[in-house]
Amino acid sequence: MAGREIVIEGVRGESYYGKKNVVVGGGGDGSDGNSVEELMGVIERVGSYSGFRSAHRKECLSLVRRLKLLLPLLEEIRELEYYSNQALNSLANLKRALASAKKLLKNCSCGSKIYLTLESEAVMVRFHAVYDKLSQALEDFPYVELGISDEVKEQVQLMRTQLKQAKKRADTQDIELAMDLMVVFSKKNDDRNADKAILERLANKLELHTIADLKEETIVVRKLAKRRSARQNAESIQQVTDLLGRFKEKAGIYEDFLLDSPVSMKCLRQCRSLLIPNEFLCPITLEIMTDPVIVATGQTYERASIQKWLGSNHNTCPKTGQTLDHISLAPNFALKNLIQQWCEKNHFELPKKESNAFPDGSTAEILEKISSLVYDLSSCQLDVLKEAIFKIRMLSKENPENRVLIAKGGGIPQLIRLLSYPDSKIQEHTVTALLNLSIDEANKRLIAGEESISAIIEILQHGTDEARENSAAALLSLSMLNENKVLIGTLNGIPPLVHLLQTGTTRGRKDAATALFNLSLNQANKSRAIDAGLIPPLLHLIEDKNLGMTDEALSILLLLASHPEGRNEIGRLSFIETLVGIIKNGTPKNKECATSVLLALGLNNSSLTLAALQYGVYEHLVEVARCGTNRAQRKANALLQHMSKCEHIP
């Protein structure tokens, strides 16, 4: 290869003859002097990234692992003296592919945790684009000319095979996570404790459960909101900020989230606190403490704030980050006296203290009261029994610590026994208490079983309106465990949920819809739901605009559309016309869901695609592809592409 002339574009007025290890961006992009070592450096840098966001961690780690398979190839190339133009072009393509991979992995390492999860499907599209670029760059590589060893070629071929398999895989998004997000955004005004549990679970899954995590996410979201692209994603950005605000409130951080405000956590409500000694301020809220308590690490916090923190499933000290040996709180009387003296001297009025279930009680005292209540659950006196159940219901609603203590005190088996008690009010309080207790993951397993689930289904069929609603919510909570999805289905729990969806109150219908959505994630339950007559009431929900449940109904129909029987029942011309109407006149979220359902139906039945075209869907899809939500745009483009391939467009 000696004497071969290599002219490298991108360096004005110069040509390099016999230059070693030169890789360019190609196309005269102005990059020059980038060596093979630089490509290896990119791979090493992405290998050092950490903290990949949970929604895409598995995909990120897989991509990093595959990129490292390229290092032996680059090491062999590095030993060569000269490259042909074909080799240089291949290296330039590889460089662009690696740059895309690096940008994506950096975003998944440093981007907003909430936004990346909310836009999970779009992120997966970016992963697939990176796979395509890498695969294409490696396919055109001149292995023979460069004298690449058979061992390295086999390794690269293995990587290309893995990239193709990764593209064929279904969406790796956490289904429970996606459903939790759907529930949170569809129940903004429903403040029941079961929905607070979803917030707790989301905070844990997204790893936004410490003050440091929330501060970091705030900074990232504000930067995200200031980008030019934020205007196109205004709806998603607003959802991100709303959810982040709810996480902060749960953690005891009372901050007004203003997108245009400076990136400072000093926006907290501390107007007069600038005059107050720092040691009198709660480290969480930065407000003066009225009831200071000491945690296991020796740090002092306002009781309500630290209880809120511990109530969000945290077991660490917010200030030090240390794991707490126990969650008992000891009153800091000395500091409280100092604060009171300072307030009297400076004529400062302390804010009124919020009421607490056991204001002066330690964990031991609470446990003693809970033990007494659990004992009363066996009482033969109806009044005593009713009072005990009601108090346990209230305690189980207040905080996670109580849920754990009730379980430790033996309350769950007693409550399960009372599900079958021949009194509608006792059944109502019992099923609601179990709903609250099921928020705790460990309690889910203690509650779940054939006896309890059968009894909850019985109340769902014959209980009071509130009992039926909370039974549906309890089945939803228990079905978060996959084995319970199967058990609820086999115990015939789906038909009464369908009945509640048809006849219940607005809240009852929403509870039933959410439970049916979660249960229908199981393939066998899809058949059961279809056999139970779920599709007609879903179609009715779509037609009745006053109920405001179009998105919920379409989301369930999208799941059922993956089942042959479901497609046959859903795919009627009247429904196709309804979908086209929603794509034309619905809300942005309505259009997104309707386009997704139409795509699922059309991919399996071209006659339905043709029917939609006859109803005039084409121009509406073009509009959605231009200015719909991110997911709606992707679905609309996919459907337009499918129509084009099927030659349905003149």
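In which hand of crossing does H18 pass H19? The crossing is left-handed, and it is shown in the first of the close-up views below, which are drawn from a predicted model.

**View A. Packing of helices H18 and H19.** Helix H18 covers residues 411-418 and helix H19 residues 424-437. The two pack at an angle of about 145°, and their axes are 9 Å apart. H18 contributes Ile 412, Leu 415, Ile 416 and Leu 418 to the contact, while H19 contributes Ile 426, Thr 430, Ala 433, Leu 434 and Leu 437. Sorted by class, eight of these residues are nonpolar and one is polar, with no charged residues.

**View B. Packing of helices H33 and H34.** An angle of about 140° separates helix H33 (residues 617-627) from helix H34 (residues 630-645), with 7 Å between their axes. H33 and H34 are therefore oblique to each other. H33 passes H34 in a left-handed crossing. On the H33 side, the contact is made by Val 617, Tyr 618, Leu 621, Val 622, Val 624, Ala 625, Arg 626 and Cys 627. On the H34 side, Ala 632, Gln 633, Ala 636, Asn 637, Leu 639, Leu 640 and Met 643 take part. The contact of H33 with H34 has twelve nonpolar residues, two polar residues and one charged residue.

**View C. Helix H1 and its buried residues.** Helix H1 spans residues 36-48, 13 residues in total. From its first C-alpha to its last, H1 reaches 19 Å, close to the 18 Å expected at 1.5 Å a residue. Buried in H1 are Val 36, Leu 39, Met 40, Gly 41, Val 42, Ile 43 and Val 46. These buried residues pack against three helices: H2 (57-68), H3 (71-78) and H4 (85-110).

**View D. Leu 88 of helix H4.** Helix H4, one of the helices packed against the buried residues of H1, contains Leu 88. Leu 88 counts as buried because its relative accessibility is 7%, against a cut-off of under 20%. Leu 88 and Phe 141 lie 53 residues apart in sequence, and their C-alpha atoms are 9.6 Å apart in space.

**View E. The whole chain, for context.** The chain has 34 helices and three strands. Of its 650 residues, 51% count as buried. Among contacts in the chain with a separation of 6 or more, 68% are accounted for by residues 24 or more positions apart.

Methods. Residues are numbered from 1 along each chain as its sequence is written. This is a predicted model: local features need pLDDT of at least 70, side-chain atom pairs count only at pLDDT 80 or more; totals for chains, interfaces and linings use all residues. Side-chain values use heavy atoms; hydrogens and water are left out. Axes are lines fitted to C-alpha atoms, for helices over the stretch in contact, and angles run from 0 to 180 degrees between N-to-C directions. Helices (H or I, at least four residues) and strands (E, at least two) are DSSP runs, numbered from the N terminus. Angles under 35 degrees count as roughly parallel, over 145 as roughly antiparallel, 65 to 115 as roughly perpendicular and the rest as oblique. A crossing is left-handed if the near helix is turned anticlockwise from the far one by less than a right angle, and right-handed if clockwise. Contact means heavy atoms within 4.5 Å. Ala, Val, Leu, Ile, Met, Phe, Trp, Tyr, Cys and Pro count as nonpolar, Asp, Glu, Lys and Arg as charged, and the others, Gly among them, as polar. The expected span of a helix is 1.5 Å times one less than its number of residues. Buried means under 20% relative accessible area, exposed over 50%, partly exposed in between (1.4 Å probe, protein chains only).
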